[in-house]
Amino acid sequence: MNKILNKYISLVDFIADFLGEDAEVVLHDVTDLENSIVAIRNNHISERGIGGPATDLVLEIFKNNIHQNRPYLVNYKGRSKTGAILKSATFFIKDDHNEVIGLLCINMDVEKMVLVKNLMDKMMNFTNESSEDDITETFSHSAQELTFESIYNVISTIGVPPERMEQDEKIRVVEILNEKGIFLIKGAVSEVAAALKVSEPTIYRYLGKIKRS
């Protein structure tokens, strides 16, 4: 673990003790995305532990350099393994060269609050509005699970089984996964190739075509 992150471990405990058991607090070391969790409290919310991987959102942050233009992200939505709605925030921890070395994340279970809000909306005849641009995040127990879930979530949006996909559809799957940063995970090319029923060189060829387009 990066030595700079040591001083943030007590902050994990401080925030968790202050916010209570409905708030999971996580410290990530982003130099190892596959085993990035170095401290965690109230992990009953995501059922993750120390040594767990980064999330799909973290991969997307680094793939698209979202961290370069802002010091943190707040008030985005996640879901626990039990399906509970989470209100989340991520603070970017930077070194003396302004490079992100870690993330301090808070995932608050607001399911009870949402149930109350929905009840009040129903009683007052309000409707809930949502945006397709809302940031969302899912939590995985391992890098392999993160890769698997990302691949099949994207495949499901295409709506065609891999064995029946045209080449353009397979390229689109690879393009979306690339945008999400899944190829930052070791072994992702092999997993994607297996899921799409093609060879690894074919995936690299698709990536080259996407890069040139």
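Predicted model: local features only at pLDDT ≥ 70, side-chain atom pairs only at ≥ 80, totals over all residues.
**View 1. Helix α6 and its buried face.** Helix α6 covers residues 188–196, and its buried residues are Ala-188, Val-189, Val-192, Ala-193, Ala-195 and Leu-196. Look down the axis of α6 and you'll find these buried residues within an arc of 165 degrees, so they line one face of the helix. Here's the handy rule behind that kind of pattern: an α-helix has 3.6 residues a turn, so residues three or four places apart point the same way. What covers the buried residues of α6? The cover includes three other helices: α4 (143–158), α5 (167–179) and α7 (200–212). Just past the end of α6, check out Lys-197, which has a positive phi of about 65 degrees.

**View 2. His-28, tucked into strand β1.** You'll find His-28 in β1, the strand that runs over residues 23–29. Is His-28 buried or exposed? With a relative accessible area of 2%, His-28 counts as buried, because the cut-off is under 20%. Its side chain makes a polar contact with the side chain of Ser-36, at 2.7 Å. Setting aside neighbours within four places in sequence, His-28 also has contacts that include Leu-5, Arg-48, Pro-53, Ile-101 and Cys-105.

**View 3. Met-108 in strand β5.** Strand β5 spans residues 100–109, and Met-108 is part of it. This residue is partly exposed, with a relative accessible area of 22%. Now spot Lys-87: it's 21 residues away from Met-108 along the chain, yet their C-alpha atoms are separated by 5.1 Å. Not counting residues up to four places away in sequence, Met-108 touches Lys-87 along with Leu-19, Asp-22, Ala-23, Ile-85 and Leu-86.

Definitions and conventions:
Residues numbered from 1 in each chain as written. Heavy atoms only, no water. Buried < 20%, exposed > 50% of the residue type's maximum accessible area, 1.4 Å probe, protein only. Helix = DSSP H or I, 4+ residues; strand = E, 2+ residues; numbered from the N terminus. Arc of directions from axis to C-beta. Contact = heavy atoms within 4.5 Å. Polar contact = N/O pair within 3.5 Å; in protein donor to acceptor, adjacent residues only side chain to side chain.
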